[in-house]
Amino acid sequence: MANSKHLGQFYISGGWVDPLPGGTKAGVENPATEEIVGDIALGTEADADRAILAARAAFDDWTVVPVEERIALVKKILEVYNSRYEDFAQAMSTEMGAPIEWARGAQAWAGQVHIESTIKAAEEMVWEYMRGDTRIVMEGIGVCALITPWNWPMNQIACKVAPALIAGCTMVLKPSEIAPLSGLLFAEVCHEAGVPAGVFNLVNGVGPVVGARMSSHPEVDMVSFTGSTRAGTAIAAAAAPTVKRVAQELGGKSPNIILPSADIHEAVKAGVAGCFANTGQSCDAPTRMFVPRAATAAAYAAAKEAADEVVIGATTDAATTMGPLISKLQFDKVQGMIQAGIDEGATLISGGTGRPQGVNRGWYVQPTIFGDVTNEMTISREEIFGPVLAILPYDSIDDAVRMANDTPYGLAAYIAGPVEEAKPIARRLRAGTVNLNYPDWDTFAPFGGYKQSGNGREYADWGIHDFCEIKGVVGWGA
């Protein structure tokens, strides 16, 4: 966990500083125990201003550092990150309630692998080239406001900070105030790695105060935000008067089409596992499963079998496979969604309202599966952000594709079945990422959404490009 003396501080201009007068504090809760593990400072607009101006002051010198040296610095960050890997795993297990093996193997790993992928992509990128007599140059966009969520803390910090640094940008990071411990640790890593003063800054705070100021500040050139669609629209509106670039990775309601020719038992079980991973708190989770109507009985049986295999328990226990939701607010929301599914006539296959049997503290919910769902039901329309799966029968592939695309979101989609059958269907799905047969995580694939799931792309060179401006120097070769 972050050093306790830093919980109440911000990282600005190369050092740890106390908040300016007028801010408040907030307790950081371990959602598995409901215990407060420490208090963080919540910044004011003045704190945000101080960090933004530090980033602006550092930009001119940093952006002309040769890209090879910027890459070398990110390699040093990776080295320090790896030396503190277990600290990150423990911090995210505490702040998120992530089971410790998931915190190590997924949450902490995500930060590591995205830094690695960004470095490799940067080394292979063409940063300058000639087109006729014009020199085409990729260079950093400027001062960036980075606003990251609580559900994948290091995944999103790494996906923004590493490419921004390599592109030649300076930045202010506002991690989620709900899960801030890993962000403070990352600031310690940047300091130890020798990031120049003002290039990386961190201010904790709430979205309507610090986030809003970062989004509207005239000295910020770009906002990169991951979170809810509701917050994303507010950020875009705040950024519009100063014509900032806004990159957003927002909500999702991802479809998962199980083809008639698929192994129904295995495909459904894998789909349930994908939906329930991270306690269902992933924007690209496959939360709408479409199964052939003739195979519903087999699908429901396989889904219940998968739910029964979930191990709920203490997050410190290596055998635990599902932890709690992040907060009481999220717990209450998911309870309301489960009740809506019951009230609207879906068939409850597994789970239901209330905590799991034998659990009396922590924001644990029952992994829940509904069958006989229609695309008009609340549980089909709204992002639940919990371990709740809706299974919808379909009569034809055209029917499945129509329902899959009938959503305001378009972040991810999934197809299970023979690859050659899946390929033409993948082209018809309106989503930024289409996964065939639950492949391994590809950190070099573009990640981002269509429609209300956002704009821009993250991961590897895709993320670097989002933080770059393109300059044409005409007459260079004359």
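Me: How many residues apart are D308 and K304 in helix 10?
Reply: D308 and K304 are four residues apart in helix 10 (residues 296–308), so about one helical turn separates them. Helices (H or I, at least four residues) and strands (E, at least two) are DSSP runs, numbered from the N terminus. The model is predicted: local features need pLDDT of at least 70, side-chain atom pairs count only at pLDDT 80 or more, and totals for chains, interfaces and linings use all residues. Residues are numbered from 1 along each chain as its sequence is written, and side-chain values use heavy atoms, with hydrogens and water left out.

Me: What do D308 and K304 form, and at what N and O distance?
Reply: They form a salt bridge, with the closest N and O atoms 3.0 Å apart. The term denotes a side-chain nitrogen of Lys or Arg within 4 Å of a carboxyl oxygen of Asp or Glu. K304 is partly exposed at 37% relative accessible area; buried means under 20%, exposed over 50%, and partly exposed in between (1.4 Å probe, protein chains only).

Me: How many salt bridges does the structure hold?
Reply: It holds 27. One of them pairs R50 with D47 at 3.5 Å, N to O. R50 and D47 lie three residues apart in helix 1 (residues 45–63), so they are separated by about one helical turn.

Me: Which salt bridge partner does E458 have?
Reply: E458 pairs with K160, their closest N and O atoms being 2.8 Å apart. This pair links distant parts of the chain, 298 residues apart: E458 sits in the loop between strand 21 (454–455) and helix 15 (460–466), and K160 in helix 5 (residues 153–167). E458 is buried at 8% relative accessibility, and K160 is buried at 1%.

Me: Back to helix 1: how do its axis and that of helix 7 cross?
Reply: The axes of helix 1 and helix 7 (residues 207–216) come within 8 Å and cross at roughly 40°. Axes are lines fitted to C-alpha atoms, for helices over the stretch in contact, and angles run from 0 to 180 degrees between N-to-C directions. Helix 1 is therefore oblique to helix 7; angles under 35 degrees count as roughly parallel, over 145 as roughly antiparallel, 65 to 115 as roughly perpendicular and the rest as oblique.

Me: Which residues make the contact?
Reply: E45, A48, D49 and I52 of helix 1 meet V209, V210, R213 and M214 of helix 7, contact meaning heavy atoms within 4.5 Å.

Me: Which residues of helix 13 are buried, and what covers them?
Reply: D399, A400, V401, M403 and A404 are the buried residues of helix 13 (residues 397–405). Their cover includes strand 12 (255–258), strand 13 (288–292), strand 16 (388–394) and helix 14 (419–428).

Me: What is phi of F385 and of A460?
Reply: For F385, phi is near 60°, a positive value in a residue other than glycine. F385 is in the loop between helix 12 (378–381) and strand 16, and is buried at 15% relative accessibility. A460 has phi near 50°, again a positive value in a residue other than glycine. A460 lies in helix 15 and is buried, with a relative accessible area of 2%.
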